Amino acid sequence: MQYRFQVVYFEATRRCNLRCPMCMTGSNDAHRVRQSFRRELSLEEIRDRVMMPARRLGIHTMGWSGGEFLLRRDALDLLRLTVDLGFRCSVLSNCKRLTRERLERIRDVTQGRARIVVGLNAVDEENRWSRDSESDRTVQVLRDCAELGLGQHVVITIGKYNTRSFEKTVEFCVRHNIAYNRSPLVPRGSGAGCFSGMAFDRDDLERYFHPALRRHPHGYVSYTPYFLSPELHAQASGGVRNNTVPQNPSIGCWVGSWLTINAEGDVSACPVLLDALSGGNVRDKPIDELVGSSTFFAEITDRSRLKGRCGRCRYQYTCGGCRAMAFYHGGDYMGEDPTCFFDPVDRSTVSEHEEETNRVFRQYLLVARSAGVYQPPKGGQPGAGSPSPAGRLYGRTAGR
């Protein structure tokens, strides 16, 4: 099967200079970090087993993370190579090493084409508990990025600890024109000790997180539940899919859009599923060969196999439910998402939020196109008045 993955998210080291209490990569475990350090992929292995094969897969973005990615001695060399090979470049950092001088260096080696991604779980003192850092430091890095012409993105890891502050954090991002996405707290790494008491449930999602996500097209739309009309996405995208996962643009669950790799070379389908579910190791096969021969990727990207409520839902394809929540709560990555608050009888059940989701999605298409992650089907241009279905779609958007 020819896959259409778009992003490689690479946790290139487990080493870190912070001790976040719910760190997914297990950077709080000194023994694990030492063992991992001996097995980290080298620059040459990353180039030959990941980056060059990723070009053959059509991957457009390399996202570098950790631990703290900037603790790698070859971090800047990897960033330079990323741009030289034609990838878009993202750097996820905890900000401790992101002095203005280092940001300038990142800008220089990436020819100004890097995006800095930071974790910000709250814009007040609540951030320190979950992130082991003050939110003021993170906000300052975002300001420096804006002044230096570097892209900015915020990741908000959600759980019971930030139900009431989430809206404020989203509003901060929107006010400063910063793209953001939510990521769920999961029992991976140090998160295992927090999950039972801090993981959000369907009530938290319905009352606090989902309303804020629905309202703002700034948010990366890979969240669930996502109540987008499947007919509207087919019209807007021209039917582009990865197996059965809709793309152009990607929506709903991350699985089917991302390939993720840990420091030792194991490959999974989502950042929060690393270490728990593996489709193989790039030391055994380059990533394009590994993915192409993997029964794991064939199954997990086939939303027609979803079970329970996800399997009978009108939004089976445009949402897909969170595969991580299905796996961590129920042990079956193709099971229903237990944190979803939608209870469809069958595929004829329409969510009360579909109309709103469709409206915001039309706005998001304009954002996605300007960011280069969406291409209208031939014959349709935003606001161009084309008689084609795509033209009519955009005409409505431009007129709002």
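**Entry 1: terms and model**

I count two residues as in contact when heavy atoms lie within 4.5 Å. I am working from a predicted model.

**Entry 2: Phe297**

I began with Phe297 and skipped residues up to four places away in sequence.

I then looked up the largest nonpolar core, which has 108 residues. Phe297 is among those with the most contacts inside this core, along with Phe10, Trp64 and Leu259. Which helix gives the most to the core? I found helix H2, residues 43-57, with six residues. I noted a general point: in soluble globular proteins, nonpolar side chains tend to be buried together.

**Entry 3: the whole chain**

I stepped back to the whole protein chain. I listed 16 helices and ten strands. The C-alpha atoms fill a box of roughly 55 × 45 × 45 Å along the principal axes.

How many of the 400 residues count as buried? I read 60%. The chain exposes about 15900 Å², and carbon and sulfur atoms supply 47% of that area.

I checked contacts between residues at least 6 apart in sequence. Of these, 72% join residues at least 24 apart. For charges, I have 56 positive and 45 negative. Their mean positions are 4 Å apart.

**Entry 4: Gln6**

I found Gln6 in the segment before strand E1 (7-11). Is Gln6 buried or exposed? Its relative accessibility is 16%. The cut-off for buried is under 20%, so Gln6 counts as buried.

I left aside neighbours within four places in sequence and listed the contacts of Gln6. They are Ile59, His60, Thr61, Gln247, Asn248, Ser250 and Ser257. I also took one distance, C-alpha to C-alpha: Gln6 and Val123 are 30 Å apart in space and 117 residues apart in sequence.

**Entry 5: Asn262**

I placed Asn262 in the loop between strand E9 (258-261) and strand E10 (267-268). At 1% relative accessibility, Asn262 counts as buried.

What does Asn262 contact, leaving aside neighbours within four places in sequence? I listed Phe10, Glu11, Arg14, Leu274 and Asp275. Phe10 had already come up among the core residues with the most contacts. Last, I checked Thr301: its C-alpha is 20 Å from that of Asn262, and the two are 39 residues apart in sequence.

Technical notes: Residues are numbered from 1 along each chain as its sequence is written. This is a predicted model: local features need pLDDT of at least 70, side-chain atom pairs count only at pLDDT 80 or more; totals for chains, interfaces and linings use all residues. Side-chain values use heavy atoms; hydrogens and water are left out. Helices (H or I, at least four residues) and strands (E, at least two) are DSSP runs, numbered from the N terminus. Buried means under 20% relative accessible area, exposed over 50%, partly exposed in between (1.4 Å probe, protein chains only). Accessible areas come from the Shrake-Rupley method with a 1.4 Å probe; for residues, only the protein chains shown count as cover. Lys and Arg count as positive and Asp and Glu as negative; His and the chain ends are not counted. The place of a charge is taken as NZ of Lys, CZ of Arg, CG of Asp or CD of Glu. A nonpolar core is a set of buried Ala, Val, Leu, Ile, Met, Phe, Trp, Tyr and Cys residues joined through side-chain atoms within 4.5 Å.
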